[in-house]
There are 2 protein chains.
Amino acid sequence: MASRSPLKPNAVILLSGGLDSATVLYWAYQNGYRPACLTVQYGQIHAREIQNAKKIARSLKLPHEICHVPMPWKGSALLDRKIKMPRNRSFNAIGHGIPATYVPARNTILLSLALGWAETLKAKTIFIGAHQLDYSGYPDCRPEYFQALQRAFNKGTKMGRFKIVAPLLKKDKAQIIRLAHRLGVPLQWTWSCYSGGAQPCGTCDSCRLRQAGFEKAGLKDPVQ
Amino acid sequence: MASRSPLKPNAVILLSGGLDSATVLYWAYQNGYRPACLTVQYGQIHAREIQNAKKIARSLKLPHEICHVPMPWKGSALLDRKIKMPRNRSFNAIGHGIPATYVPARNTILLSLALGWAETLKAKTIFIGAHQLDYSGYPDCRPEYFQALQRAFNKGTKMGRFKIVAPLLKKDKAQIIRLAHRLGVPLQWTWSCYSGGAQPCGTCDSCRLRQAGFEKAGLKDPVQ
């Protein structure tokens, strides 16, 4: 554990190092939660985000664990450079269908790990940064999925009464960026690009949505 | 991958190296499935079982992956030698309450990983060796938990229509051993002991249930 908050953690948050989970972390913190931060290295090409997650967790002096789960299979453009990453897509195209960046069972694996840590800590709340733009494409970002998974979590644990909380679920990227700005999220440490380079590529779906979000929010992205 | 069956895998099985999952594997195989075998090293003290899983998967020439998921937290006698392992308990005691060997969210994490591999392989069936004796104690071995998790899996994946199949759910240990014997399971390669020694301890719950099961089935345990 990197560092400890004086209070015992009362939640677990999936902290990727991206803009959304950093915003949820600051939102939770300012609403009285002291989340234990969990980052999962699952073989993503953009593992650079993990260094960002470290800085963000440290900024609030919260416990932080990095769990290494190298999946021995591929099947996603985020795991396998041989699978073509969508580039320069229109926002209409981004909003339809499940893209090649979908990682089979990713949120289920991540949330299960968060559940394991939460039960060990006796913390009942699990935060995740999923939101509207994701759930138009990724099946594991839809509200009915989170509801069903929460139900299974409560059937399959000793403690029960866990809640999966996704405070950004109904927000668009510009709304999230405005909220982040208001909460004082260190946006300069957030990382969105999928491509795995040292600088954001500017052409993957995640870069495109971030650019458009900052533009719509009328703010300057400190990462660019 | 250790070796490949000539047929494409049409299921994923959680293969621990124990008696139950080995029996499910042979049952599935003889019912026409060609499962891809998934073993998870999650920090269990009895990691010796993983070598057994390798032999069992190899005996049917099936693909086998070992996924290393060292959980950075403890909270179970199976993960932490400082937590007291129950010893020499009566079968009445074993059948009541959740024991110290319960691992928070274990089956949820394991089944989520199996789901990730299954979706990558386009395989719809996920086998697990959970059974009646477990579900009297472990909440993540109960039928209502598996039903709820299957529902969440089907909400949260691109492919959907997954089935979690636990063929031993309603059997007791003696019935499982008789079935294993009939199916030709290499029982000499199965490992049940929780204690992490080179020989079975004979006193942990898992050893006790195995002994009683062989006795009731009227068979000799080749491991002892």
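Does Arg161(A) count as buried or exposed, and how many C-beta neighbours does it have inside 10 Å? In this predicted model, Arg161(A) has 9 C-beta neighbours inside 10 Å and therefore counts as exposed, since 12 or fewer is the limit for that class.

**Contact between chain A and chain B**

- The contact draws 36 residues from chain A and 36 residues from chain B.
- On the side of chain B that touches chain A, the elements giving two or more residues are strand S3 (64–68), helix H4 (106–121) and helix H6 (143–155) of chain B.
- H4(B) supplies ten residues, which is the largest share of that side of chain B.
- Sorted by class, the residues on the side of chain B that touches chain A comprise 19 nonpolar, eight polar and nine charged.

**The pair H6(A) and H6(B)**

- Two packed helices are described by the angle between their axes and the distance between the axes.
- For helix H6 (residues 143–155) of chain A and H6(B), the axes come within 8 Å and cross at roughly 160°.
- Because angles over 145 degrees count as roughly antiparallel, H6(A) is roughly antiparallel to H6(B).
- The crossing of H6(A) and H6(B) is left-handed.
- From H6(A), the residues that take part are Glu144(A), Tyr145(A), Ala148(A), Leu149(A), Arg151(A), Ala152(A) and Lys155(A), and they meet Glu144(B), Tyr145(B), Ala148(B), Leu149(B), Arg151(B), Ala152(B) and Lys155(B) in H6(B).
- Taken by class, this contact of H6(A) with H6(B) holds eight nonpolar and six charged residues, with no polar ones.

**The nonpolar core**

- In soluble globular proteins, nonpolar side chains tend to be buried together.
- The largest nonpolar core here has 136 residues, and among these Leu38(A) and Leu38(B) touch the most other members.
- Once its neighbours within four places in sequence are left aside, Leu38(A) is in contact with residues including Val12(A), Ile13(A), Leu14(A) and Leu15(A), and also with Glu65(A), Cys67(A), Leu113(A), Ala114(A) and Trp117(A).

**Positive phi angles in loops of chain A**

- Lys61(A), although not a glycine, has a positive phi of about 55°, and its place is in the loop between helix H2 (49–59) and strand S3 (64–68) of chain A.
- Lys61(A) counts as partly exposed because it has 13 C-beta neighbours inside 10 Å.
- Arg161(A), the residue of the opening question, is also not a glycine and has a positive phi near 60°, and its place is in the loop between H6 and strand S5 (163–165) of chain A.

Terms used. Residues are numbered from 1 along each chain as its sequence is written. Chains are lettered from A and ligands numbered from 1 in the order in which they are written. This is a predicted model: local features need pLDDT of at least 70, side-chain atom pairs count only at pLDDT 80 or more; totals for chains, interfaces and linings use all residues. Two residues are in contact if their C-beta atoms, placed from the backbone, lie within 7 Å. Helices (H or I, at least four residues) and strands (E, at least two) are DSSP runs, numbered from the N terminus. Ala, Val, Leu, Ile, Met, Phe, Trp, Tyr, Cys and Pro count as nonpolar, Asp, Glu, Lys and Arg as charged, and the others, Gly among them, as polar. A nonpolar core is a set of buried Ala, Val, Leu, Ile, Met, Phe, Trp, Tyr and Cys residues joined through C-beta atoms within 7 Å. A residue is buried if 20 or more other C-beta atoms lie within 10 Å of its own, exposed if 12 or fewer, and partly exposed in between; C-beta atoms are placed from the backbone. Axes are lines fitted to C-alpha atoms, for helices over the stretch in contact, and angles run from 0 to 180 degrees between N-to-C directions. Angles under 35 degrees count as roughly parallel, over 145 as roughly antiparallel, 65 to 115 as roughly perpendicular and the rest as oblique. A crossing is left-handed if the near helix is turned anticlockwise from the far one by less than a right angle, and right-handed if clockwise.
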